[in-house]
Amino acid sequence: MKKVSVQCRHVRLSYGSTEVLKDVDLDIEPGEFFALLGPSGSGKSTLLRLIAGFSRQQSGEVLIDGVDISAQPPWSRNIGMVFQSYALWPHLSVWDNVAFGLVERRVDRATVRHKVGAALELVGLSAFGDRRPNQLSGGQQQRVALARTIVIEPQVLLLDEPLSNLDKTLRVQMRQELLSMQRRLGLTTIFVTHDQEEAMTTADRMAVLDQGVVQQVGAPAALYDDPVNTFVANFVGTMNLLPGRVHAAGTPAATLQVDGVGNLPLPAQMSAPAGERQMLGFRPQSLQMTDAGAARDPQWLWMSGRVEASEFLGEFTRYRVRVGPHSVAVDQTHHAGQHKFAVDGDVSLGLAPSQLRWLSD
Ligand code: ADP
């Protein structure tokens, strides 16, 4: 089947005086597994429903394969949508649930039999055709909902928090299944989630939404390593943020003045626009922690702090270190025999120039 692109051009949608989508621009590539990530109420479901045709933007365009479909009703858009609730018919067998869309479209019986059989096989439920939805586990119901959507051979698959009703273990398993199925079908897929781990582990690219505005679009690692602002930095992983300003003039070497901490010598490679107050962003695992007084690499930025708390999480230990008025998260990978830092101990935190990000608020 032909892989199609999905585009949103200057899409705006308001409910009454509440602007829910503000000038949304998105370019989703043919065959891409694309995540819409954002906190509750950021407009993710509204955008998905709008692409499906269940709600209509006040201005802007939605294009599939370059064709504006804004005026088309949902049933003629060739888009399949799986809802969070699955919305299976409780009184119908699994087979009949999956066949429903084909029967409605008056597809002949032999084709229905063939397509339903193939769809159930794809989701691994060939042996469950006679069951009713309430005789299935949550994960199996989810697969029926998928089979029912895929059977009509949509060009675009939309998934609204498809895994949120499943427990953690099943969710991890299902997201891999979903991804491998999507790869086999090559179906352009857009899925909504508020779970950053889910988006990061599965998406080719993702868009982070906040208050109806697309904050950033990119591959998960690109958003993680180079967030454009503090919202994305905090929403995708954990980021330490310290407000500061670079002083270049009047001193032998540039210094970094961090609010409430004072002036820190700024390594040459860490140059930043002088004078402008910005957020200094760095990930907990990019810091090197040493006991106070230990030798310091002069190419790095160093801060002094005191350990406030430590949490052992198996793979790593997360320390909270007080640096002036700030609490800094420091992750140290754990292995047997690893040196532990005592609570109330004085430490130095070192940061390599390549790990520092300057972020706007
Ligand atoms: P998300 O999926 O990111 O949680 P939604 O798209 O469901 O967010 O909602 C975005 C905003 O739009 C919320 O503030 C919500 O209250 C509002 N909203 C959604 N649907 C309607 C509606 N039918 N009428 C009025 N407001 C709505």
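How far is an oxygen atom of the ligand from an N or O atom in the side chain of Ser45? The gap is 2.8 Å. Keep in mind that this is a predicted model: local features need pLDDT of at least 70, side-chain atom pairs count only at pLDDT 80 or more, and totals for chains, interfaces and linings use all residues. Residues are numbered from 1 along each chain as its sequence is written, and side-chain values use heavy atoms, with hydrogens and water left out.

**Around the ligand**
- The residues surrounding the ligand (a heavy atom within 4 Å of it) include Tyr15, Val20, Pro39, Lys44 and Arg49.
- Sorted by class, that shell has three nonpolar, six polar and two charged residues; Tyr and Pro count as nonpolar here, and Gly counts as polar.
- Helix α1 (residues 44-52) gives the most to the shell, with four residues; helices are DSSP runs of H or I with at least four residues, and strands are runs of E with at least two.

**Contacts with the ligand**
- A polar backbone atom of Ser42 sits 3.0 Å from an oxygen atom of the ligand.
- For Thr46, a polar side-chain atom is 2.4 Å from a ligand oxygen.

- Most residues other than glycine have a negative phi.
- His10, in strand β1 (residues 6-15), isn't a glycine, yet its phi is positive, at about 45°.
- Glu153 isn't a glycine either, and its phi is about 55°; look for Glu153 in the loop between α4 (138-150) and β7 (156-160).

Notes. A polar contact is a pair of N or O atoms within 3.5 Å; within protein, one must be able to donate a hydrogen and the other to accept it, and residues adjacent in sequence count only if both atoms are side-chain atoms.
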